Amino acid sequence: MLQKYQIIILLLLLVMPSFAREQMSLDQCIELALKNNPALKIKASDLRVAKESVKQSRADMLPSIGFSGSYRRQSTIPEVQFPAIKSPFGGAPVSLFPSGGLQLGSLDTYDFKFTVQQPLFTGFRLKNHKFAADAREKGKQHDLGKAKSELIFNVEKAYAGVLKAKKVLGIAKTWSEQVSAHLQDVQNYVEQGMARKTELLAVRVKVAEAELAVVRAENGARIAVAALENVLGSDLKKDVNFADVVLPVSQETEIEMSVQRALGNREEIKSLNFSLQSANTAIKIVKGGQLPAMSAFASYGYGRPGLNFVKNEWMDYWIVGVGMNWQIWNW
């Protein structure tokens, strides 16, 4: 007999979780919102773009390596004609070139070049460009932090609205049940002649008001859940149960201290500061355009014709040097 009861209890324990309602906590809602919110994804994408800009600004300060190749076919090439030399002893003139001249180059030109270039001085533009990119990246980080803070606040606000609506619905249902029970008592009193029918009508009016309050509370609860789903960016199950939130104990503080804390911790203020740094650096970049730019370069090439146009043959060559560019006046 005892074994039979144990089997029944075990079956109940296995079946009961399937009837349990799924519970959703505030932390779960915040995690779901951070995962699905499209505005947050846009901010994260902007941050990734800013990080790539920082990498590019660092790469601009390093040597650049390139390879180029070309083939050209031209219609004509310059020629140098040499007249025949007359012999002082008489006879026919002697020409040094059988064709009567020398072609400088070739109709078909091949050139392959490997080049290394390193900026030496750019009017501090590359350095300021890197500083501005760093400031923009930090600004985007704080923009993302601001978006997260606002999203978490909206989730907490919507979650509190759901809990409030559920409490109001519970109060309305309790009131409706109490008024309905009171209506039954008044009906019994009227049947026994202990109450008048006018009292019964008044109680019925209260019952109708209680039922209307329940309907309104149910609509309010549905609207609150819909608002929470909108913030989360995901639909919730109809039978989900929302866990209560334990409010933190508030501490007394002065207004001036709260203002200073807000000025030091608000993400949008930090983002504005870095945006200001980026804007000031952009001015320095523009002013740097008034200074000359210098760079060193080295290239190794192979082609036909090479540097020697007279021989017109395949050859390799190298070039090293330092270049400067200074735009003195551009209105």
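Reply: The count comes to five salt bridges, where a salt bridge is a side-chain nitrogen of Lys or Arg within 4 Å of a carboxyl oxygen of Asp or Glu. The model is predicted, so local features need pLDDT of at least 70 and side-chain atom pairs count only at pLDDT 80 or more, while totals for chains, interfaces and linings use all residues. Residues are numbered from 1 along each chain as its sequence is written, and side-chain values use heavy atoms, with hydrogens and water left out.

One of the pairs joins Asp 108 and Arg 73, at 3.0 Å from N to O. This pair links distant parts of the chain, with Asp 108 in strand S5 (residues 108–121) and Arg 73 in strand S2 (residues 64–73), 35 residues apart; strands (E, at least two residues) and helices (H or I, at least four) are DSSP runs numbered from the N terminus. Asp 108 is buried, with a relative accessible area of 19%, whereas Arg 73 is exposed at 54%, given that buried means under 20% relative accessible area, exposed over 50% and partly exposed in between (1.4 Å probe, protein chains only).

Another salt bridge is formed by Lys 55 and Glu 52, whose closest N and O atoms are 3.7 Å apart. Both residues belong to helix H3 (residues 38–59), and because they are three residues apart there, about one helical turn separates them. Lys 55 is exposed, with a relative accessible area of 52%, and Glu 52 is partly exposed at 47%.

Arg 266 and Glu 268 also meet through their side chains in a salt bridge, 2.7 Å from N to O. Arg 266 is partly exposed, with a relative accessible area of 42%, and Glu 268 is partly exposed at 23%.
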